[in-house]
Amino acid sequence: MIRGRMLRRLLRGGIALSVATVATMAYQPVRAAETLVIAAVTTPKGFDGDVFVPGMVENNINVYEGLTDYGLKQGPDGRMEVDASNLLPHLAESWTITDGGKTVTVKLRSAKSFFGNELSADDVVFGHEKSLTQKRTGVFIRNVSSIESVEKVSDKEVRYRLKGPNAILFGGMQIYVPAIYDSKTVKENATADDPFGIKWIANNTAGYGAYHVESVRPGEGAVLVRNPNYFGDRPYFDRVIYRDVPSAANRAALVKSGAAQWAEQVPIQAIPDLIKDPNVKVERVIGTGSAALSMNAAFKPFDDIRVRRAMKLAANYEAINKTVFLGLGTPSLSFLATQMPGYIETTPHVTDYDEAKKLLAEAGYPNGVEVTLEYTDLYWWEEGMAIQIQESMKNAGITVTPKRIPSTELRKRAGPGQRTLAFHTSQTTPFVLDPGYQLFLTAHTGGSSNVSGYINPAMDKLIEDITAELDLDKRVQLTQEAQRILADDVLQIDTFYPGVYAVMAPCITGWVWKPIPYLYYRTLKCEKS
């Protein structure tokens, strides 16, 4: 148990958790109930939801909560899981839909920020105006939700005017961006040159969620404290220590020792042994992010669909699962995640080197092709995938040269306005369990995660029809049509879902996977024996 002077030093950042610390300090597996220690990958690099940086999403979902939230249901294994068909009011109290679905008026609940200010329509409008100014993530959420304007009706009412009916709107409302800020506090820290307080927001938080960022120490971590005014049930943990522990082995060791209660991003290679360890609890869900290899038709040789089809046939899926995912991967057999309404299998795992060679010859490459596969260390599976693909594709006359690049470079080059990656690893996790959202995100010309640079006006129209269609049966038909077209066009090589592995102390209960696949601190408890 970390108590007294030890805990005070930890909170001040005076102790760096490491394997050496575990070995030399007499940590016990049971700790103070009100403190949750997370062995994190890195110190949060910022808190502006419109600017993606390491550690931002992980903490923002605990500070900035949405107008809606997904309900839960009991899954086939008895665990509670997200009910994609049941979006409930959260910071919203209720809503009315008029004008044929083009106008949505939201009534806000009574809630107070960490600073004691009451939630108001001004806060909702402020967040949208800030995102419009920055023209980044929040604007994508507005676009995919067909939002034309967000207007204050009264202190507790907000009106959303839409370009047309939209099935994604309420799912988008549960995302942390555009954030619902305590705009009164933010404005107190704004300047004439920065009226939205963007510089202040980058390093501080002011939300209506369960937690507030108290302090950040670069290279050491962050401390979050419970919002004493939180509108929901009081969270079990009063304080969260988000420790910077770059080594995956060290993160797992800290949970095993009892020095931390949660470990982020533990690689699959460590999972089998951790499952057997009585000092650790491991839970797994498939998740919505599949490991893929994206191909951009704007670059040779990928401009020829026969080459893209050959590449898909030259992947040894059995070997990938065995060597990269240790046999634990779940096959990815469609452009869409399995949880999406209308999901069908359209991209079977077939390895056929002879057919791949034939297609390459027909495309004008009788002696094979040479390609560069760019990858990063953003996901644990990328390097292993690159090595396995290099080995497998030799059998079809395809020479693959793996090239590791910084994750920041890959994100930039794969992003809107660039799309300069020809062949690269990718994993996109949709934050809304809606097929229209995922398709718009990844296959629409304006999609922020259209990393293959896919341009197809007919597909754009089809996706827009899916987002606007409110009849479930019709949406399913359109969604299945889109999956078949995308499978024929071969944007990527779909491999496996790595799965989401939650590594925690045995006492931890209450973890529920959500489409924003990070840890919600407010749901956790420590049930001691």
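## Helix α3 and its burial

In this predicted model, helix α3 is mostly covered, with eight of its eight residues buried. The buried residues are Met56, Val57, Glu58, Asn59, Asn60, Ile61, Asn62 and Val63. Their packing partners are the strands β8, β9 and β10.

The helix spans residues 56-63 and lies across β8, β9 (221-226) and β10. Relative to β8, α3 runs at about 145°.

## The seven-stranded sheet

The strands that α3 lies across, β8, β9 and β10, belong to an open sheet of seven strands. The order in this sheet is β8-β9-β10-β1-β11-β19-β12, and the pairing is mixed. Its edge strands are β8 (211-217) and β12 (281-285), each of which pairs on one side only.

Within the sheet, β1 (residues 35-40) and β10 (residues 239-244) run parallel and are joined by six bridges. In this pairing, Thr35 stands opposite Arg239 in β10.

## Contact of α4 with α5

Helix α4 covers residues 121-134 and helix α5 covers residues 137-144. Their axes come within 7 Å and cross at roughly 110°. Angles of 65 to 115 degrees count as roughly perpendicular, and α4 and α5 are therefore roughly perpendicular to each other.

On the α4 side, the contact is made by His128, Ser131 and Leu132. These meet Gly138, Val139 and Arg142 in α5. By residue class, the contact of α4 with α5 consists of two nonpolar, three polar and one charged.

## Aromatic pairs

A search of the whole structure finds 16 aromatic pairs. One of them joins Tyr64 and Tyr181, with ring centres 5.0 Å apart and planes at 70°, so the pair is edge-to-face. The pair links distant parts of the chain, 117 residues apart. Tyr64 is in the loop between α3 and β2 (68-74), while Tyr181 is in the loop between α6 (169-172) and α7 (183-188). Tyr64 counts as buried at 2% relative accessibility, and Tyr181 counts as buried at 1%. Both tyrosines belong to an aromatic cluster formed by Tyr64, Phe126, Tyr181 and Phe196.

The rings of Phe325 and Trp380 have their centres 5.7 Å apart and their planes at 80°, so this pair is edge-to-face. It also links distant parts of the chain, here 55 residues apart. Phe325 is in the loop between α12 (317-323) and β14 (330-331), and Trp380 is in the loop between β15 (369-375) and α14 (382-393). Phe325 is buried, with a relative accessible area of 0%, whereas Trp380 counts as partly exposed at 30% relative accessibility.

Thr103 is in strand β5 (residues 103-108). With a relative accessibility of 8%, Thr103 counts as buried. Leaving aside neighbours within four places in sequence, the contacts of Thr103 are Thr96, Ile97, Thr98, Arg159, Tyr160 and Arg161.

The loop between β4 (92-98) and β5 contains Asp99. Phi of Asp99 is near 55°, a positive value in a residue other than glycine.

## Further backbone features

A positive phi is also found at Ser146, a residue other than glycine, where the value is near 60°. Ser146 is in the loop between α5 and β6 (147-154). Its relative accessible area is 15%. Buried means under 20% relative accessible area, and Ser146 is therefore buried.

Two cis peptide bonds can be described here, one joining Val177 and Pro178 and one joining Lys300 and Pro301. For the bond between Val177 and Pro178, omega is about -10°. Pro178 lies in the loop between α6 and α7, the loop that also holds Tyr181. For the bond between Lys300 and Pro301, omega is about 0°. Pro301 lies in the loop between β13 (291-295) and α11 (305-313).

Notes
Residues numbered from 1 in each chain as written. Predicted model: local features only at pLDDT ≥ 70, side-chain atom pairs only at ≥ 80, totals over all residues. Heavy atoms only, no water. Axes fitted to C-alpha atoms, helices over the stretch in contact; angles between N-to-C directions. Helix = DSSP H or I, 4+ residues; strand = E, 2+ residues; numbered from the N terminus. Parallel < 35°, antiparallel > 145°, perpendicular 65-115°, else oblique. Contact = heavy atoms within 4.5 Å. Nonpolar A, V, L, I, M, F, W, Y, C, P; charged D, E, K, R; others polar. Pairing = 2+ DSSP bridges. Phe/Tyr/Trp six-rings, centres within 6.5 Å; stacked < 30°, edge-to-face > 60°. Buried < 20%, exposed > 50% of the residue type's maximum accessible area, 1.4 Å probe, protein only.
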